[in-house]
Amino acid sequence: MQQSVEFRGRSREALGNEQIRSNFRQAMDGLMSKRKASFPDQDELRRLRLRAAEIRANALLKLPELLERLEQRCHENGIQVHWAESTAEANAIVLGIMQRHDARLLIKGKSMVSEEMELNHYLEAHGIECLESDLGEYILQLAGEPPSHIVAPAIHKSRQQIAQLFRQKFPDIPYSEDVDTLTRSARTILRRKFNQAPVGLSGVNFAVAETGTICLVENEGNGRMCTTVPPVHIAVTGIEKVVEHLADIPPLLSLLPRSATGQHITTYFNMISSPRKPGERDGPQEVHLVLLDNGRSRIYQDQELIQTLRCIRCGACMNHCPVYARIGGHAYGTTIPGPIGSILEPQKAGLDRLGDLPTASTLCGACAEVCPVKIPIPDLLNRLRFERVRSDGDNLTPGQGSQRHGWEPTVWRAWSWLHAHPLVYRLGTRIASRLRWLQPRRLGNWSRVRSTPRVASRTLHELAAKNGFNDE
Amino acid sequence: MNDARSNILKRLKEAGPGLPETAEQTPVPLARWSPAQRIERFSQRMESVRAEVHIVPDNGWIDLLKELVSEKGIGTLLYSPPTEYGSAIGAAWGTSDGPLRTLTGEIEEWQEQLFSDIDAALTSTHAAIAETGTLVLWPDSAEPRTFSLVPPIHIALLKAERIFDTFADLVAREQWQNGLPTNALLISGPSKSADIEQTLAYGVHGPVELIVLVLTEA
């Protein structure tokens, strides 16, 4: 409940913050129109989405087998595979690798799984410096804030805010609000670090079981830097990111950047299949792949909720969500915000902690309409709304039934009884319409931001009868 | 962490059989172009992300390269002698090496030099993709991965006949699943970011400029 209260409070705060409202509105409008422009052929889009959904569903269907094959192929290629049930285990694996190399600096490419692990925090507590190298993530690290969007992490910040931040952190660099100048400053600072860092860390966009290949999608080149220059590369991924065939990659790659930012392709698509081989002259000597479960194998056990795991993290659902566009990413208080976060995160952390998130939706359906892998997000939101109040749990989703409070179950039982007994229903509605002057002007929380609905003076049955309809 | 491995796989395997089969494979029609259209599409897409494309007969590219080097004030140009183009480049500036630089041995020996002393690097390419305007690199011992990443300018040589229609077509024709290099790379333009106010800025961590010389048969 603690978290739920926080979510409501944070949303209210975000709604009152004009800077956040306008930064998000502008950014989301831009992303929506860019996505639309990148899919001029509706039939191609329809087919690509079907294909991508099939690829992801197939990968989940064969997940245990594919993970074993991925591990086998990586092993043959010289990539070391590690398994972690929890974020604590994954953090310990990364720390172990760092300590074995006596490494004090970790340079990071963008990775939502490392955010999920709270890796920076953990390593810093063990005396290791973590440096984000994605421009947006770097800005947020300077500001001490978490990302507010999975693709464009610093989307809530304006140019002026970033310029102020740079002035505060780097007083020697001349003040500038120019985007190119700010970018150039970050390049200069981070290049020195790339040149020194003993270990680089990245996420994974797709892991190909057939070939033992880690695929990374990026624009800046920091992902390539992190995976090429330091002598050791650690990739962290959720177990669901695996696909069966290499031939599955082109359709997914065709959808991911277009859905995310409207780009036809990202600047770099980096496919890594092994560490430096004898005779090769650069690239890391060691490549590690950390496979993180953290609740995913539990989500996997529910035949409907498993669809959550199809996600390829494009962010289109948040870009198109009327709730996300207004409250922004921080209000959710989770690693992944927006519609996909509202179904994924409560299943991980528990409906007792994040039970409000599935209600943070108008169920307008925009998210499902744009999802490149056709996750039925509104259905899953509804399913979790049921899970949060159900009394006969199957113990799969943590926090089941935790939002079942007070009079609510009784009221709904009465409601359904009333609707199953026509005579009582008619009598009841007739009485309600006659006594409508007794209705209170305000209905608690409901009317705090809405006008109070009034009971009609005549029931629908009466109006229908009067107009000559006969339902007998 | 063997416990983690067996626990995760056990949970997944227990749940497995309940899932519906998905044998369906929706066909996605792929674009097809003529060789001339491929060059046109490739160039147009590359230029739309601010890459520079020059279409040049394969007996004229050395002169163009020399022009570009002087025009852009490239003081040091990294290249690799043991390649198809190596000897031609090596001879281009006559007896003096001029701007040419080479790096021998492994990265540990030349990383510092690569980061601080090289203005531009020239590499060959494995192939290209017309649909998205993409270079495909398979870096190897002659042309290591960092050559196309660290120097501020990347000059790529591409044979026009190596432009494929789509990524799917390239992967299928060459049967990539039967053997991938250590690192296969798709490059579509110079490094960029839109992390500040959705405004595109070029040259974030990788090359600021990407110059592609498309070599056609003379």
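Colleague: What makes you say that β9 of chain A and β9 of chain B are paired strands?

Modeller: This is a predicted model, and in it five bridges join residues 268–272 of chain A to residues 183–187 of chain B. Pairing takes at least two bridges, so these strands count as paired. They run antiparallel, with A:N270 standing opposite B:L185.

Colleague: How many residues does each chain bring to the contact?

Modeller: Chain A puts in 76 residues and chain B 59 residues. The chain A side splits into 33 nonpolar, 25 polar and 18 charged.

Colleague: Why is A:N17 called partly exposed?

Modeller: A:N17 has 15 C-beta neighbours inside 10 Å. Buried needs 20 or more and exposed means 12 or fewer, so A:N17 lands in between. You'll find A:N17 in the loop between α1 (2–15) and α2 (18–38) of chain A.

Colleague: Back to chain B: what makes β1 and β3 edge strands?

Modeller: Each of β1 (52–57) and β3 (100–101) pairs on one side only. The open sheet has six strands, ordered β1-β12-β7-β4-β2-β3, with parallel pairing.

Colleague: And how do you know that β7 and β12 of chain B pair?

Modeller: Seven bridges link residues 153–159 with residues 209–216; the cut-off is at least two, so β7 and β12 qualify. B:I155 stands opposite B:I211 there.

Colleague: Which strands does helix α3 of chain B touch?

Modeller: Helix α3 (residues 61–71) touches β1, β2 and β12 of chain B, and makes about 160° with β12(B).

Notes
Residues are numbered from 1 along each chain as its sequence is written. Chains are lettered from A and ligands numbered from 1 in the order in which they are written. This is a predicted model: local features need pLDDT of at least 70, side-chain atom pairs count only at pLDDT 80 or more; totals for chains, interfaces and linings use all residues. Two residues are in contact if their C-beta atoms, placed from the backbone, lie within 7 Å. Ala, Val, Leu, Ile, Met, Phe, Trp, Tyr, Cys and Pro count as nonpolar, Asp, Glu, Lys and Arg as charged, and the others, Gly among them, as polar. Helices (H or I, at least four residues) and strands (E, at least two) are DSSP runs, numbered from the N terminus. Axes are lines fitted to C-alpha atoms, for helices over the stretch in contact, and angles run from 0 to 180 degrees between N-to-C directions.
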